[in-house]
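Subject: Structure handover

Hello,

Here is the structure we talked about. Please open it alongside these notes.

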Amino acid sequence: MGFLIRLLVNALALYLVTRVYAGVSFAPGAGAGAVILAALVLGIVNALIRPVLLLLSLPINLLTLGLFTLVVNGVVLLIVAAVTALNVAGFGAAIVGALVLTVIAWALDLVVNALGLDGRRD
């Protein structure tokens with residue numbers, strides 16, 4: 001149940017990013033299925049590819065005191081856009097979109113945790 005809630009939270013966050021930031025959008029005619037598919041792909045890319053990118057970029061990430069993570073998150077968003085109905089205007093838009101996505105997902109995660117819907121048991 002926790003996986004399903006996390007998937008829905010990520011899908012809602014991705015949808016809200018497309019509504020808040022014009023640099024990230026879905027293809028015309030894309031419905032809820034496309035949003036959920038993009039959230040699923042985002043979760044898979046975050047679980048499998050993002051750690052490898054972070055490991056490979058560790059030296060530059062240390063030099064920039066972690067700010068290069070924003071670039072890695074932008075690359076992850078571009079990868080998701082390449083295989084789903086998500087459209088990203090460019091590399092700069094991907095970085096800003098990833099930052100907005102992080103903030104929105106964090107806020108939604110706080111709400112889910114406060115409501116006790118996170119699936120964790122005390």
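Helices (H or I, at least four residues) and strands (E, at least two) are DSSP runs, numbered from the N terminus. This is a predicted model: local features need pLDDT of at least 70, side-chain atom pairs count only at pLDDT 80 or more, and totals for chains, interfaces and linings use all residues. Residues are numbered from 1 along each chain as its sequence is written, and side-chain values use heavy atoms, with hydrogens and water left out.

Helix H1

Start with H1, residues 2-20. The expected span of a helix is 1.5 Å times one less than its number of residues. For the 19 residues of H1 that gives 27 Å, and the end C-alpha atoms are 27 Å apart, so the two agree.

Some terms for burial. Buried means under 20% relative accessible area, exposed over 50%, and partly exposed in between (1.4 Å probe, protein chains only). The buried residues of H1 are Leu 7, Val 9, Ala 11, Ala 13, Leu 14, Val 17 and Thr 18. Their cover includes strand E1 (24-26), helix H2 (32-48), helix H5 (68-83), strand E2 (86-88) and helix H6 (91-115).

Thr 18 counts as buried because its relative accessibility is 14%. Contact here means heavy atoms within 4.5 Å. Not counting residues up to four places away in sequence, Thr 18 touches Val 24, Ser 25, Phe 26 and Leu 86.

Leu 12 also belongs to H1. Its relative accessible area is 39%, so Leu 12 is partly exposed. Leu 12 and Ala 22 are 10 residues apart in sequence; their C-alpha atoms are 16 Å apart in space.

The core

A nonpolar core is a set of buried Ala, Val, Leu, Ile, Met, Phe, Trp, Tyr and Cys residues joined through side-chain atoms within 4.5 Å. The largest one has 28 residues. Leu 14, Leu 77, Leu 86, Val 88 and Leu 101 touch the most other members. H1, E1, H2, H5, E2 and H6 each give two or more residues to this core. H6 gives the most, with eight residues.

Which residues does Leu 101 contact, leaving aside its neighbours within four places in sequence? They are Ala 13, Leu 14, Val 17, Leu 42 and Leu 77.

Axes are lines fitted to C-alpha atoms, for helices over the stretch in contact, and angles run from 0 to 180 degrees between N-to-C directions. Angles under 35 degrees count as roughly parallel, over 145 as roughly antiparallel, 65 to 115 as roughly perpendicular and the rest as oblique.

The axes of H1 and H2 come within 8 Å and cross at roughly 110 degrees. H1 and H2 are therefore roughly perpendicular. On the H1 side, the contact is made by Phe 3, Leu 7, Asn 10, Ala 11, Leu 14 and Tyr 15. H2 brings Val 35, Ile 36, Ala 38, Ala 39 and Leu 40.

The axes of H2 and H5 come within 10 Å, crossing at roughly 135 degrees. So H2 is oblique to H5. Here Ala 38, Val 41, Leu 42, Val 45 and Asn 46 of H2 meet Val 76, Ile 79, Val 80 and Val 83 of H5.

Leu 78

Last, Leu 78 in helix H5. Leu 78 counts as partly exposed because its relative accessibility is 29%. Val 88 is 10 residues from Leu 78 along the chain, and their C-alpha atoms are separated by 6.9 Å. Leaving aside neighbours within four places in sequence, Leu 78 is in contact with Val 88, Gly 90, Phe 91 and Ala 94.

Best wishes
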